[in-house]
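Dear colleague,

I am passing on the structure below, and I would be glad if you could look it over before reading my notes. The notes after it set out what was found.

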Amino acid sequence: MTAVIVTVDDAHLGRVGAVAETLREHGLQVDQVLDEVGVIAGRIPAGRPLTALRVDGVAAVEEARRVRLPPPDAPVQ
């Protein structure tokens with residue numbers, strides 16, 4: 001599965017839940033809906049194009065990235 005972040009456009013900020021439901025119908029496994037900021041986090045099958053999630057109300061779709069920090073006691077690099 002590929003983790004994705006979906007940004008809802010300004011015109012649909014009051015209907016983030018409805019946009020999330022539409023994304024579910026298009027194959028997104030929704031993990032989290034952040035109504036206040038208009039962001040939906042979820043997963044799609046690996047290899048599926050992100051363009052499949054470009055539905056009405058979606059401003060942007062991008063693959064989620066992981067950031068790893070060294071432990072606090074690690075030497076400075």
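Which residues of β1 form its covered face, and which its uncovered one? The covered face consists of Thr2, Val4, Val6 and Val8, while Ala3, Ile5 and Thr7 make up the uncovered one.

Before going further, please keep in mind that this is a predicted model, in which local features need pLDDT of at least 70 and side-chain atom pairs count only at pLDDT 80 or more, whereas totals for chains, interfaces and linings use all residues. Residues are numbered from 1 along each chain as its sequence is written, and side-chain values use heavy atoms, with hydrogens and water left out.

To begin with the sheet, it is an open one of 4 strands in the order β2-β3-β1-β4, with antiparallel pairing; strands here are DSSP runs of E with at least two residues, helices are runs of H or I with at least four, and both are numbered from the N terminus. Two strands are said to pair if DSSP finds at least two bridges between them. At the edges lie β2 (29-34) and β4 (58-63), each of which pairs on one side only. From one strand to the next, the twist averages 20 degrees, where axes are lines fitted to C-alpha atoms and angles run from 0 to 180 degrees between N-to-C directions.

Taking the pairs in turn, β2 and β3 (residues 39-44) are joined in the antiparallel sense over 5 bridges, and valine 30 has glycine 42 as its bridge partner in β3. In the hairpin of these two strands, which has 4 residues between them, glycine 38 takes a positive phi near 70 degrees. β1 pairs with β3 over 6 bridges, again in the antiparallel sense, and there threonine 2 has isoleucine 44 as its partner. β1 also pairs with β4, over 5 antiparallel bridges, with valine 61 of β4 as the partner of valine 6.

Leaving aside neighbours within four places in sequence, leucine 28 is in contact (heavy atoms within 4.5 Å) with Val4, Val6, Leu23, Ile40, Gly42, Arg43, Ile44 and Leu53.

Two further residues may be worth a look. Histidine 12, in the loop between β1 and α1, is buried, with a relative accessible area of 11%, and, not counting residues up to four places away in sequence, it touches Val19, Asp56 and Gly57. Glutamine 32, in strand β2, counts as partly exposed at 44% relative accessibility.

Methods
Buried < 20%, exposed > 50% of the residue type's maximum accessible area, 1.4 Å probe, protein only.
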